[in-house]
Amino acid sequence: MTKTSAKHEKFILALMSTSTIEDAAKMAKIARGTAFQYLRDPEFNEAYLTFRRETMQQVTANLQRVSHKAIDTLEEVVEDQAAPTSSRVQAARAILDNAYKGLELDDLIQRLAKIEERLDS
């Protein structure tokens with residue numbers, strides 16, 4: 001995190017690991033009023049948003065890294081004739097749902113690219 005004080009950084013980390021602003025303030029050892037003052041500061045909010053985005057990018061990268069294991073597991077369940085029917089159906093549904101979501105995302109990306117192309121011309 002750049003351009004933030006040590007107290008800001010502590011509060012940002014606390015916000016990411018607690019469920020309430022009050023708990024985050026306690027964890028960061030700042031007053032409740034100070035916490036709300038930080039949250040009204042545009043620079044603080046930018047730093048907080050940046051940290052949240054970076055954190056989610058790391059989480060997404062980790063999910064993508066192990067996703068092949070999930071696919072392999074689902075495939076094994078679908079193909080396992082000894083598995084309960086409900087498990088096989090759930091695995092098949094998960095595969096199909098994600099396949100459709102991937103297709104929808106690809107379609108949206110293509111449509112967005114066409115729109116951007118039109119706007120650039």
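1. Salt bridges. A search of the whole predicted structure finds one salt bridge (a side-chain nitrogen of Lys or Arg within 4 Å of a carboxyl oxygen of Asp or Glu). The partners are E22 and R32, with their closest N and O atoms 3.2 Å apart. This pair links distant parts of the chain: E22 sits in helix 2 (residues 21-28), R32 in helix 3 (residues 32-40), and they are 10 residues apart. Helices here are DSSP runs of H or I, at least four residues, numbered from the N terminus. E22 is partly exposed, at 31% relative accessibility (buried is under 20% relative accessible area, exposed over 50%, partly exposed in between; 1.4 Å probe, protein chains only). In general, side chains of opposite charge can pair when their charged atoms come close.

2. Basis of the model. This is a predicted model: local features need pLDDT of at least 70, side-chain atom pairs count only at pLDDT 80 or more, and totals for chains, interfaces and linings use all residues. Residues are numbered from 1 along each chain as its sequence is written, and side-chain values use heavy atoms, leaving out hydrogens and water.

3. K29 lies in the loop between helix 2 and helix 3. Its phi is near 60°, a positive value in a residue other than glycine. K29 is exposed, with a relative accessible area of 71%.

4. Negative patch. D72, E75, E76, E79 and D80 gather in a patch of negative charge on the surface. Patch members have over 30% relative accessible area and no salt bridge; like charges are joined within 9 Å, nonpolar side chains (Val, Leu, Ile, Met, Phe, Trp, Tyr) within 5 Å. Asp and Glu count as negative, Lys and Arg as positive; His and the chain ends are not counted. The charge is placed at CG of Asp or CD of Glu. E79 is found in helix 4 (residues 42-79). E79 is exposed, at 54% relative accessible area.

5. Nonpolar patch. M56, V59 and L63 make a nonpolar surface patch of about 280 Å². Areas come from the Shrake-Rupley method with a 1.4 Å probe; for residues, only the protein chains shown count as cover. M56 belongs to helix 4. M56 is partly exposed, at 48% relative accessibility.

6. A buried histidine. H8 lies in helix 1 (residues 6-17). H8 counts as buried, at 16% relative accessibility. H8 touches Y38, D41 and F44, not counting residues up to four places away in sequence (contact: heavy atoms within 4.5 Å).

Conventions. Helices (H or I, at least four residues) and strands (E, at least two) are DSSP runs, numbered from the N terminus.
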